[in-house]
Amino acid sequence: MALLDLQGVSKSFGGLAALSNVDLQVEEGQAHAIIGPNGAGKSTLINAITGRLTPDMGSVTFAGQSLLGLKPHQIVQQGIARVFQTPEIFHDMTCLENVTIAALAHRDGAFKPNFLQHPRRMRQQRDAAAERLAEVGLADQREMPAGHLARGDKRRLELAICLANNPRMLLLDEPTAGMAQHETQNTIQVLKRIGEKGMTKIVIEHDMGVVFSLADKITVLHQGTVIASGAPEQVREDPAVHEAYLGGAHE
Ligand SMILES: Nc1ncnc2c1ncn2[C@@H]1O[C@H](COP(=O)(O)OP(=O)(O)OP(=O)(O)O)[C@@H](O)[C@H]1O
């Protein structure tokens, strides 16, 4: 059974069908890229998964449970974390403090400033936060105020904050957008490392280099419909994909 299973999902805005009868199966432990030209329906699909909009038709199931009707925060509690969209970084706090607070908030359901009464719990969360920072390659910057980080490092801190919540699936929205080449390569390595630990990932990405270095499976959307879905080499050779996308301006 797929970890995330969408069947027949449709969503229209007025007369425009942003998604038409979309099926998507994301297997546990895989990196699944969703690609397509501008306006293909990628954001609408992600919004349907994260509860920011309700499909007109179809089903969205995660770990066997329907997500339909759940609010975005309830979907986060189910174990789906969206990265690189609405990062909540405290710029004056150190990287370690940022990740520790995220871990404490996850543990208590919300951040409660009572942690000073529980020094052992605080120490455990700090140790876990330090591990998350090491995972994303920010061990050396742990005592640095978050506001002083370079742009690419800030995004890796956001990733560490998401990981502090122990999600089952990460949704990555253009994880390398606006990054310099070396930052992009760094981010690819970090995401691969997280993947090796079995983390399931959905990646929305325009950069085909990133897509083909990360994805186990690729689904291609075009005008709200899935025109191809499969292994990267299979999708790369699909004539419909060439026609709609890979042969176009984004290659
Ligand atoms: N809230 C909305 N109201 C009206 N139309 C919308 C709304 N959201 C999306 N659309 C339309 O639905 C279609 C799909 O949009 P969507 O943003 O999902 O595409 P996308 O693949 O994410 O594009 P991009 O790569 O440019 O972000 C587009 O034609 C868009 O204009």
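Helix H1 is the top contributor to the shell around the ligand, giving three residues. What you're looking at is a predicted model, where local features need pLDDT of at least 70 and side-chain atom pairs count only at pLDDT 80 or more, while totals for chains, interfaces and linings use all residues. Residues are numbered from 1 along each chain as its sequence is written. Helices (H or I, at least four residues) and strands (E, at least two) are DSSP runs, numbered from the N terminus.

**Confidence and overall build**
- The protein's average pLDDT (the predictor's confidence in each residue, from 0 to 100) is 89, and 90% of the residues score at least 70.
- For the complex, the predictor reports an ipTM of 0.97 and a pTM of 0.88.
- Nine helices and 10 strands make up the secondary structure of the protein.
- A compact globule with 251 residues would have a radius of gyration near 18 Å, and the protein's 19 Å agrees with that. This radius is taken over C-alpha atoms, and the globule rule is 2.2 Å times the number of residues to the power 0.38.
- The C-alpha trace spans about 60 × 40 × 35 Å along its principal axes.

**Around the ligand**
- Which residues surround the ligand? They are Phe13, Leu16, Ala18, Gly36, Asn38, Gly39, Ala40, Gly41, Lys42, Ser43 and Thr44. A residue is near a molecule or strand if its C-beta atom, placed from the backbone, lies within 6 Å of it.
- Strand E2 (16–26) and helix H1 (42–50) each bring at least two residues to this shell.
- By type, the shell splits into four nonpolar residues, six polar and one charged. Here Ala, Val, Leu, Ile, Met, Phe, Trp, Tyr, Cys and Pro count as nonpolar, Asp, Glu, Lys and Arg as charged, and the others, Gly among them, as polar.

**The four-stranded sheet**
- Four strands line up as E2-E1-E4-E5 in an open sheet with antiparallel pairing. Two strands pair if DSSP finds at least two bridges between them.
- At the edges sit E2 and strand E5 (65–66), each pairing on one side only.
- E1 and E4 are antiparallel and share five bridges; in E4, Thr61 is the bridge partner of Asp5.
- E4 (residues 57–62) is joined to E5 by two bridges, again antiparallel, and Phe62 stands opposite Gln65 in E5.
- E4 and E5 form a hairpin with two residues between them, and Ala63 in the turn has a positive phi of about 50°.
- H1 lies across strand E1 (4–13), E2 and E4, at about 60° to E2. Contact means C-beta atoms, placed from the backbone, within 7 Å. Axes are lines fitted to C-alpha atoms, for helices over the stretch in contact, with angles from 0 to 180 degrees between N-to-C directions.

**The six-stranded sheet**
- The other open sheet has six strands in the order E6-E7-E8-E3-E9-E10, with mixed pairing.
- Its edge strands are E6 (80–83) and E10 (225–230), each pairing on one side only.
- Neighbouring strands of this sheet are turned by 20° against each other on average, direction ignored.
- E3 (residues 31–35) and E8 (residues 200–204) run parallel, joined by four bridges, with Ile34 opposite Ile204 in E8.

Definitions and conventions
Two residues are in contact if their C-beta atoms, placed from the backbone, lie within 7 Å.
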